[in-house]
Number of protein chains: 10
Amino acid sequence: MKKLEMTEAIMAAKARSGLGWEAIAAEVGLAPVFLTSACLGMNSLKPEFADKLCEVLNLPAEVSTALQAFPHKRWDQAIPTDPVIYRWYEIVGVYGETIKELIHEKFGDGIMSAIDFSMDIDKEENPAGDRVVVTMNGKFLPYKSW
Amino acid sequence: MKKLEMTEAIMAAKARSGLGWEAIAAEVGLAPVFLTSACLGMNSLKPEFADKLCEVLNLPAEVSTALQAFPHKRWDQAIPTDPVIYRWYEIVGVYGETIKELIHEKFGDGIMSAIDFSMDIDKEENPAGDRVVVTMNGKFLPYKSW
Amino acid sequence: MKKLEMTEAIMAAKARSGLGWEAIAAEVGLAPVFLTSACLGMNSLKPEFADKLCEVLNLPAEVSTALQAFPHKRWDQAIPTDPVIYRWYEIVGVYGETIKELIHEKFGDGIMSAIDFSMDIDKEENPAGDRVVVTMNGKFLPYKSW
Amino acid sequence: MKKLEMTEAIMAAKARSGLGWEAIAAEVGLAPVFLTSACLGMNSLKPEFADKLCEVLNLPAEVSTALQAFPHKRWDQAIPTDPVIYRWYEIVGVYGETIKELIHEKFGDGIMSAIDFSMDIDKEENPAGDRVVVTMNGKFLPYKSW
Amino acid sequence: MKKLEMTEAIMAAKARSGLGWEAIAAEVGLAPVFLTSACLGMNSLKPEFADKLCEVLNLPAEVSTALQAFPHKRWDQAIPTDPVIYRWYEIVGVYGETIKELIHEKFGDGIMSAIDFSMDIDKEENPAGDRVVVTMNGKFLPYKSW
Amino acid sequence: MKKLEMTEAIMAAKARSGLGWEAIAAEVGLAPVFLTSACLGMNSLKPEFADKLCEVLNLPAEVSTALQAFPHKRWDQAIPTDPVIYRWYEIVGVYGETIKELIHEKFGDGIMSAIDFSMDIDKEENPAGDRVVVTMNGKFLPYKSW
Amino acid sequence: MKKLEMTEAIMAAKARSGLGWEAIAAEVGLAPVFLTSACLGMNSLKPEFADKLCEVLNLPAEVSTALQAFPHKRWDQAIPTDPVIYRWYEIVGVYGETIKELIHEKFGDGIMSAIDFSMDIDKEENPAGDRVVVTMNGKFLPYKSW
Amino acid sequence: MKKLEMTEAIMAAKARSGLGWEAIAAEVGLAPVFLTSACLGMNSLKPEFADKLCEVLNLPAEVSTALQAFPHKRWDQAIPTDPVIYRWYEIVGVYGETIKELIHEKFGDGIMSAIDFSMDIDKEENPAGDRVVVTMNGKFLPYKSW
Amino acid sequence: MKKLEMTEAIMAAKARSGLGWEAIAAEVGLAPVFLTSACLGMNSLKPEFADKLCEVLNLPAEVSTALQAFPHKRWDQAIPTDPVIYRWYEIVGVYGETIKELIHEKFGDGIMSAIDFSMDIDKEENPAGDRVVVTMNGKFLPYKSW
Amino acid sequence: MKKLEMTEAIMAAKARSGLGWEAIAAEVGLAPVFLTSACLGMNSLKPEFADKLCEVLNLPAEVSTALQAFPHKRWDQAIPTDPVIYRWYEIVGVYGETIKELIHEKFGDGIMSAIDFSMDIDKEENPAGDRVVVTMNGKFLPYKSW
């Protein structure tokens, strides 16, 4: 079973179950962003989490195997078109140099890891319009001098 | 005075002052990310903040005028090459669909604004290696139905 | 049912019905541009409108479900080739900086929203050749300072 | 004098005059969008309007000559990055096929001209946030059959 | 029936008939370039011509319906590779600025329409090698001033 | 003297002379399209024509030398943006396959040369709007079989 | 039968026959490069050669018909990735300006035809490593002056 | 002295000398293609050849030093536009797979080197039009198995 | 059997066998990098190794035939997106000019071959985190002077 | 002083000194690849190394300051053209998936860091042609699960 078929199987089972990503993630014991990214084929799950997800959504073992496979992280649009995703691309364009300035000021020459990394997405209720609050946490990796 | 010359004048004055972005931002009364982005030419400052910055860094009035000008947000690399910025581009590629899933689940059909938006970058000390903590806060904008 | 199949089902039913987009939109109670964009898979409909459309065109419930799904707004041609659409791309290229100048002059630093947005397309009869009249109405979003 | 120098001369004179595009356009006797686009080098002015603009802004005759020159309409970014302009690009991407459907339904096989074309940008005051109202008016050009 | 299937059906019928595009066009009563472009899916035919073509080539009514549908003019290669077509692309590159100069000199600021437009391709016999003679006729459209 | 400086010198002299391309071409004894393309740096002139042009426009000998130099035919925009030139690009996109079909039908497997090639641009007066008439004449080159 | 299926049929028959391109070409009476290019769908064969090839490889008549069809010369990779082909692309990049200089010096303003053109590929045995020897022969086409 | 200035110095000296590349190459003792490519900045010369060239063209020692520097082989157009060079690009596109087939048939799995490589360009006089004859000779490099 | 099907057959057999690439390579008698690249379709195997692999993994003879076929080395992403591969692309971008400097300093004008080339990937255990150690060995090829 | 000027100053001083990168690196106490990359503007040096380099090459203090500045790692060619660097790009294309397979097999899901990374380039003398030996050593970073 390929990752693409795995995702379709999970999406169908999720629709049948009536559960949302947050509820599923809570049952599996992982953060919603990480679990969702694995179900969309962009991360792999450790066996116990993969099995648990299949149990929660009543899916066969081959889905668990596919969830454990190492993914090939691939996207086709160098510049995304969907407005939800484009806005993030825009943030990288507008604030990229600013982020670089501040990371170097606070930490020195190095980067924020996208591998040793976590992300949470929360809702902040607000009478003037609810707000999306995103927290990202990545290890600082200093450039090695040799 | 163009934004490019403005940035060079600010960078030189900042080096002379020995102050960091965080200290300057505290004196001006703005968040470091916003102030830095304005100094790099990607946002405009209201007159009182522009004037205050020039006072803090001992810069002439034309820098204040340039800081207040509406910027043309332009970047040349559709895919950034600097590793600090590329890692963010990668995060958008890897987690874009996941973010879309979760925003739709929590808020419905719409986007997180990149205009009514703020960002903070903090340092989390950690014996296994310090961590970069980023908080982004954007208004949810529902698609209008008409 | 995927959005693509949904669109094909609607197009076939529309052809059978002999109705135009304007007539269908009037029956459903939405503007023609918005309804058409939802049928082409670029917007989602609220349940009551989706159900109504299926009633008008005699379509099964799964079309209504597909109409309510959150769309992935995707286009493949960064520069469109069809002359109808290319002319709009050309307008953005020729008048983009002008639009920016005038929005900033009238409203300050910010943008016209493409989300809290509506559009109408009308026909102006003219002996020298009929004219297409388009009205777009988008909320002004000021850049947040923080 | 090249168009680029012409634009810089006009921008400087405009800043000195304290006039906005709307006021200048009213004095010259043209619509603000058209006048602004000519000053930004994207359209040419007829001699009487070019001369009038130079009179209003106290500019030398060579600016008038440059305003009358046929422009080369050139833009460098196939996909614009500034958010004001990108949102328009996004509108073309999201609504392009819809516009095509509705123009064909109302007018038959043909296009909306971007040459025999006018545009106005207005402000609609609104307690929930002011709105940008754009009206575009382009001649319908039917495809010739031969 | 989609345009692609329509084209395949016409090509097969044309091969069976042994007729060339010129002969078919003469029977249908249209110019060869226009008729061929419609059969290749790049233009639409009026009902009487579409029906006539189907009569000449002995094709079913659905081909006529497809010929009348409004086409989406789409090409995949921004720069064509086939040498026949590339040479035309090269002509646009080499002579584009020259064409612009001469159209502006003869007609003023405006363009040659590609919509109100016709083209003929003829053979000029020549002992040193036959020559392709192409005549294009497009309406001049002056830029509107408003 | 480089081609770019040559073109600027010719343009300035042409403006001083008050002559148009057609009149200059007639005096030099070449077709307007060819002469203009050489002045814009896209073709080279034989010595007698280069000298004659310099005589007509009162230009120094180094302009003649530059006109005789072999040009590097270079354009920067794979897809042109100026509407005059884009419409030609669009014609190649829309009619490219049609041109290929008809050239093969009339001549066999081969191409229309863009080297052994000439072009004329004429004005056809028409009460419904003047028309641009373009005639292109290129040698047919059959593919060699070996 | 499309060119793609034709190529597959020929490749399978060639494998069954145990013959190489050189041997097949000798039997058909054409040069190996030309014959191979036609079998790969990039050139067309005259009827007698197409029939002969089918006889040599024991292929049905529809393969001969496909071999005679005018090909659409299409390649998908603007920059080839396979090292054999990339090295040729590199040669064009490294030596392109040199080739232009020397052709102009020897022949004047014009090009080497890629249509009236032949190519041979030979093996030169060499104890230090065999060498590939390629001979290309293209007609010089002078630019027409008109 | 950079390679670019070196090329300009050589071109000016060559024009003054009245010598062609072939004559210069003969005096220096190298093949015309190699010598020309080095003068255009795409190859380096051994000291004795660099010095000899400067003697032949009466150039200062810094030109010799620049000729000996290791070049950065850089070209800006992924797809060349000048027709002389484009035709070669087209040959790679049309015949690339054919070349690969025949090299593999004659030599096995490997490539023709573009480094251990030479090229000659000759003129073949022909009453039907002179021909450009190019001979390329590159070492076959078999893929290593390890 | 095409290379793609070959790879799928090998991957399935490898999963069934429970063997890793290192163990398989040891049995076949080749280095793991080379064997893996051949199984992924990027290199060809000599008959004895291809047969041995099929024996080890219990695969039919047609897999051996496919392994011996000359591959078309093709990749679709000019800039890879998977982080494992992108980091290598980044290394080429960051260190490319450095590599060029040092190869020229040590060896003179020439390149490191990617054909007469081998690569090994090893694991270096380290309490602060294991390390990937890669050794590449490519023949230096001096540019030929002729 | 910008990085670009810094590199030019270092290159000129290096040429004057007659020292190679290996000798300079040995005196400074860093590896040649790292030192060279810093001098080319792609890495920053710690103060003691920057000062030492300036001492060795007799350069002013502003060069040391520039060497310590955080670099913006930028390259302009998504696909490099110089053959030395292209071959590395090709290695990433040909072996990228193989590297991914083997890293995952040996280490699990994660990447080889390009930040906590070192590289050495050595010469292996060989009578059949000297060989370039490259050793890369990067920390394995496992994907975080959260």
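**Close-up 1. A salt bridge between A:Lys52 and A:Glu55**. In this predicted model, the closest N and O atoms of A:Lys52 and A:Glu55 are 3.6 Å apart. Both residues belong to helix α4 of chain A, which covers residues 47-57. They are 3 residues apart in this helix, so about one helical turn separates them. A:Lys52 is partly exposed, with 28% relative accessibility. A:Glu55 is exposed, with a value of 58%, because the cut-off for exposed is over 50%.

**Close-up 2. A salt bridge between A:Arg131 and B:Asp116**. The closest N and O atoms of this pair are 3.1 Å apart. A:Arg131 has a relative accessible area of 8% and is buried, because buried means under 20%. B:Asp116 is partly exposed, at 22% relative accessibility.

**Close-up 3. A salt bridge between B:Arg74 and B:Asp76**. The side chains of these two residues meet at 3.7 Å, taken from N to O. The relative accessible area of B:Asp76 is 59%, so this residue is exposed. B:Arg74, at 42% relative accessibility, is partly exposed.

**Overview. Salt bridges in the whole structure**. A search over all chains finds 70 salt bridges.

Technical notes. Residues numbered from 1 in each chain as written. Chains lettered and ligands numbered in written order. Predicted model: local features only at pLDDT ≥ 70, side-chain atom pairs only at ≥ 80, totals over all residues. Heavy atoms only, no water. Salt bridge = Lys/Arg side-chain N within 4 Å of Asp/Glu carboxyl O. Helix = DSSP H or I, 4+ residues; strand = E, 2+ residues; numbered from the N terminus. Buried < 20%, exposed > 50% of the residue type's maximum accessible area, 1.4 Å probe, protein only.
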